[in-house]
Amino acid sequence: MKRGGLIMFDFDGVIADTLDFSFTASEVAQGKSLTMEQYRAMFHGNIFDSVEVVEQRKREGKTNKPSANDVFFQHYIPKLMERPPIESMLNVLDSASTMHPVVMISSTITQPLRDYVQRYGLAHHFKLILGGDTHTSKVVKIKMAKELYGVDDKDCLFITDTLGDIREASKAEVQSIGVTWGFHLREELEQGSPLAIVETPAELKVQIDKFFL
């Protein structure tokens, strides 16, 4: 019999393939060309703590939480709404949400994520969506979700595609699984020593089931 627990999913790169237009939106917001290697490096920690984003937000005069008025999101949101979820992730979400409460934890602001899951019929999978405007720290958001559902650290699992998220999950004292179809390469994910690194959604489902045995 499987034990109960909490599953937290990152959005970008895990549920939807957003790397291409996230990269382009970031170049627009930065006002300069970036290499993909430079862009991926911005996610080796929390994206909002990266030098590039800190300086960008200063240039925009942004001192509060991220919003739809940010240059990045002005370019990102329209593209997001036209990008369907990764089809093979639908089975993973269906299985996960049938067995456990599922929370989305993302750096993308909350309302577009709510609009997205409604548009693509995913809303019933998620008990809660905590975006970048809830708090920029995923450590804080993971702890919020844990406290809300009263779940022990050992019964929490975070699914992500970036080294920065793996590191934040560790700081929040929960295990993580890295996926290789998102923003970061396997060698980047390995630096965070996640519980597992998976190559396909089918393999992810196996690892999730294994975790909750």
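The legends below describe close-up views of a predicted model. Local features are given only where pLDDT is at least 70 and side-chain atom pairs only at pLDDT 80 or more, while totals for chains, interfaces and linings use all residues. Residues are numbered from 1 along each chain as its sequence is written, and side-chain values use heavy atoms, with hydrogens and water left out.

**View 1. The open sheet, built from six strands in the order S3-S2-S1-S4-S5-S6 with parallel pairing.** Strands (E, at least two residues) and helices (H or I, at least four residues) are DSSP runs numbered from the N terminus, and two strands pair if DSSP finds at least two bridges between them. The edges are formed by strand S3 (128–130) and strand S6 (196–198), each of which pairs on one side only. Neighbouring strands are turned by 20 degrees against each other on average, direction ignored. Strand S1 (residues 6–9) and strand S2 (residues 102–105) pair in the parallel sense over three bridges, and Ile7 stands opposite Val102 in S2.

**View 2. Helix H8 (residues 163–171) packed on the sheet.** This helix touches strand S4 (156–160) and strand S5 (175–179), where contact means heavy atoms within 4.5 Å. The direction of H8 makes about 165 degrees with that of S4; axes are lines fitted to C-alpha atoms, for helices over the stretch in contact, and angles run from 0 to 180 degrees between N-to-C directions.

View 3. Not counting residues up to four places away in sequence, Ser176 touches Leu157, Phe158, Ile166, Ala169, Pro194, Leu195 and Ala196.

**View 4. The aromatic pair of Phe21 and Tyr76, which is tilted.** Rings of Phe, Tyr and Trp (its six-membered ring) pair if their centres lie within 6.5 Å, with planes under 30 degrees apart counted as stacked, over 60 as edge-to-face and the rest as tilted. Here the centres are 5.6 Å apart and the planes stand at 50 degrees.

**View 5. The edge-to-face pair of Phe211 and Phe212.** Their ring centres are separated by 4.9 Å, with 85 degrees between the planes. Phe211 is buried at a relative accessible area of 12%, and Phe212 is buried at 0%.

Methods
Buried means under 20% relative accessible area, exposed over 50%, partly exposed in between (1.4 Å probe, protein chains only).
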